[in-house]
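Hi everyone, thanks for coming. Let me put the model up on the screen, and then we can walk through it together.

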Amino acid sequence: MESLSVRNLYLDSGDLVAFTASALQQLQHLTCLELGCVDILGADKASPALQALTRLVELQLDGWQGVVITSSMLSGMQYLTRLQLSGGFTRMELAPGALASKTQLQHLCLHGCEVLGGAAGEAQLLSHLQPMQQLTHLDLFDSLYEVEGSTPPAAAYAALTASSKLQNLDISQCTLPAGVWQHVFPAGRQLPNLQSLNLNGVKQPSGEYATAPEGSRLVSCCPGLQ
């Protein structure tokens, strides 16, 4: 088996279907795995289950409850080109180091994730975006926000547009520091392939909505915006 998608399966009792770590570990030929609202029996067992799937090219985990996505879980997945992590009713917790060395990623989607480590953790996550030069789709909806009023320095967010191949960028419902746009869309940076940009609901740590980037800045940096 090379592709497996399991979503929203319930037992007669109403409980979600659960996978054991050993069941997942046997599927070592998988290149595509999608698990939506599926329980893993024990947060500590999820790590070895995913570690064994070293051939994965696409991984989508939605609505996992009580599982932290650690660095070790994804450490062996050097072929990943598509990664989607989405919280459900509660945020999915993500160790920032989980994205280290994922330079082959073309599609990265983090929906409603809590980056562990506060502002320092978010800064580390942003630093791992910098070398992802193959990214065409970056979606961080509701996954960057202040912790006790603190965010990484504005310059750290330059990593959001480090890939000149970007076609879609979504940072809606995120909290970004003042003065961030001059780093995200700096003079001289060209994003010729960027067609879709979603800044809906972006706020500053004060709680106020952020001012939109200057039109001239977007025009010069992103001539292909539609």
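I'd like to begin with Ser101, which is exposed, at a relative accessible area of 51%. A word on terms: buried means under 20% relative accessible area, exposed means over 50%, and partly exposed is in between, with a 1.4 Å probe and protein chains only. Ser101 lies in the loop between strand 8 and strand 9, and it has a positive phi of about 65° although it is not a glycine. For context, most residues other than glycine have a negative phi.

Before I go on, some housekeeping. This is a predicted model, so local features need pLDDT of at least 70 and side-chain atom pairs count only at pLDDT 80 or more, while totals for chains, interfaces and linings use all residues. Residues are numbered from 1 along each chain as its sequence is written, and side-chain values use heavy atoms, with hydrogens and water left out. Helices (H or I, at least four residues) and strands (E, at least two) are DSSP runs, numbered from the N terminus.

Back to phi. Gln173 also has a positive value, near 60°, and is a residue other than glycine. You'll find Gln173 in the loop between strand 12 (168–170) and helix 4 (181–184). Gln173 is partly exposed, with a relative accessible area of 34%.

Now to the strands. Two strands pair if DSSP finds at least two bridges between them. Strand 1 (residues 3–7) pairs with strand 3 in the parallel sense over five bridges, and the bridge partner of Ser3 in strand 3 is Cys32.

Moving along, strand 3 (residues 32–36) runs parallel to strand 5, joined by five bridges. Here Cys32 stands opposite Glu58. Strand 5 (residues 58–62) is mostly covered, with four of its five residues buried. Strand 5 also pairs with strand 7 (residues 82–86), again parallel and over five bridges, and Gln60 has Gln84 as its bridge partner there.

On to helix 3 (residues 118–129). Its 12 residues reach 17 Å from first C-alpha to last, close to the 16 Å expected at 1.5 Å a residue; that expected span is 1.5 Å times one less than the number of residues. Among its buried residues are Gly118, Glu122, Leu125 and Leu129. The buried residues of helix 3 pack against strand 8 (92–94), strand 9 (107–111), strand 10 (113–115) and strand 11 (137–139).

Leaving aside neighbours within four places in sequence, Glu122 is in contact (heavy atoms within 4.5 Å) with Val115, Ser143, Leu144, Tyr145, Pro152 and Tyr157.

Last stop, the core. A nonpolar core is a set of buried Ala, Val, Leu, Ile, Met, Phe, Trp, Tyr and Cys residues joined through side-chain atoms within 4.5 Å. In the largest one, with 58 residues, Leu108, Leu129 and Leu160 touch the most other members. Helix 3 gives the most to this core, with three residues. Beyond residues up to four places away in sequence, the contacts of Leu108 include Leu83, Leu99, Leu129 and Met132.
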